[in-house]
Amino acid sequence: MPVPSSYSFPHSLYARLVARFYDPVMRGMEERFLREKRRQLLTGTSGRILEVGAGTGANFELYPPGAEVLAIEPSGAMMRHARIKLNKLKSGARIELLEAGVEERRVAEAVPAGGFDFIVCTLVLCTVPDLKGAIRCFRQWLRPGGQLLVIEHIHDNRQPNRWLQSAATPVWKHLAEGCHLNRPTDKLLKTGGFRVVEEAYFYRWVPFYWGRLE
Ligand SMILES: C[S@@+](CC[C@H](N)C(=O)[O-])C[C@H]1O[C@@H](n2cnc3c(N)ncnc32)[C@H](O)[C@@H]1O
């Protein structure tokens with residue numbers, strides 16, 4: 001994956017609005033199912049953890065005491081909300097924030113090869129520009145036996161949903177800061193060299209993938 005030394009994530013008014021309204025917009029989904037799925041995903045984590053695209057910090061309160069988390073996030077606007085959440089958080093986990101995208105050289109430099117016990121990606125692999133490149137990096141950054149933990153919406157196998165997701169993506173990705181509705185993320189992880197430890201598929205308007213992989 002090319003590793004640009006700087007990453008031009010938009011710092012526009014729109015990016016600030018997305019960050020400001022992210023938590024209120026997600027609240028319903030969080031209460032209905034996402035919070036519980038996050039909790040199930042992060043139960044049992046420990047040691048050194050990399051969280052990719054931490055957004056406003058939705059996972060922060062779920063890290064266990066003693067965990068050392070490096071949370072990377074390229075949007076300064078999202079990061080501002082994550083920092084506010086972190087400052088209010090009473091957690092025994094040590095969470096460090098780095099304003100950077102997964103592609104950036106600064107991340108590769110901050111991340112020792114084989115240095116992480118877990119890498120956490122929730123609702124972010126739909127958005128990273130070079131997913132195959134990111135998967136290669138995850139392989140290098142995890143220690144042997146370390147796990148990649150994922151929650152992601154994926155491309156539906158059923159028609160007409162499958163067609164609709166592809167038709168909507170060119171417009172949607174502009175509105176939702178790069179989010180693709182039609183990524184087969186589950187398949188790309190497996191063909192990218194990850195083995196499933198535990199996985200589940202569930203459906204809420206679109207199909208979601210929940211997985212622990214190593
Ligand atoms: C839908 S939000 C999810 C935020 C959070 N992970 C969650 O579960 O609520 C997607 C996040 O991915 C971030 N993102 C976009 N491109 C990225 C990249 N190249 N590397 C890391 N994060 C990225 C966005 O800035 C945004 O905060």
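Student: Hi! Which residues come nearest to the ligand?

Tutor: Tyr22, Arg38, Gly53, Glu73 and Thr122 come nearest, out of 22 residues around the ligand. Keep in mind that this is a predicted model.

Student: How far is the side chain of Tyr22 from an oxygen atom of the ligand?

Tutor: An N or O atom in the Tyr22 side chain is 2.8 Å from a ligand oxygen. For Arg38, a side-chain N or O atom also sits 2.8 Å from an oxygen atom of the ligand.

Student: And what lies 2.9 Å from a nitrogen atom of the ligand?

Tutor: That is a polar side-chain atom of Glu103. As for cover, the protein buries 93% of the 590 Å² that the ligand exposes when taken alone.

Student: New topic: helix α5. What span should its 15 residues have?

Tutor: Helix α5 covers residues 161-175, and at 1.5 Å a residue it should span 21 Å. The C-alpha atoms at its ends are 20 Å apart, so the two values agree.

Student: Where in α5 is the kink?

Tutor: At Thr169, shortly before the proline Pro170, and the kink is about 55°. Just after α5 comes Glu177, with a positive phi of about 50°.

Student: Now His153: buried or exposed?

Tutor: Buried, because its relative accessibility is 11% and the cut-off for buried is under 20%. His153 belongs to strand β5, residues 142-153.

Student: What is His153 in contact with, leaving aside neighbours within four places in sequence?

Tutor: Its contacts include Cys126, Cys179, His180, Arg183 and Phe208.

Technical notes: Residues are numbered from 1 along each chain as its sequence is written. This is a predicted model: local features need pLDDT of at least 70, side-chain atom pairs count only at pLDDT 80 or more; totals for chains, interfaces and linings use all residues. Side-chain values use heavy atoms; hydrogens and water are left out. Helices (H or I, at least four residues) and strands (E, at least two) are DSSP runs, numbered from the N terminus. The expected span of a helix is 1.5 Å times one less than its number of residues. The bend at a residue is the angle between axes fitted to the seven residues ending there and the seven starting there. Buried means under 20% relative accessible area, exposed over 50%, partly exposed in between (1.4 Å probe, protein chains only). Contact means heavy atoms within 4.5 Å. A residue is near a molecule or strand if one of its heavy atoms lies within 4 Å of it. A polar contact is a pair of N or O atoms within 3.5 Å; within protein, one must be able to donate a hydrogen and the other to accept it, and residues adjacent in sequence count only if both atoms are side-chain atoms. Accessible areas come from the Shrake-Rupley method with a 1.4 Å probe; for residues, only the protein chains shown count as cover.
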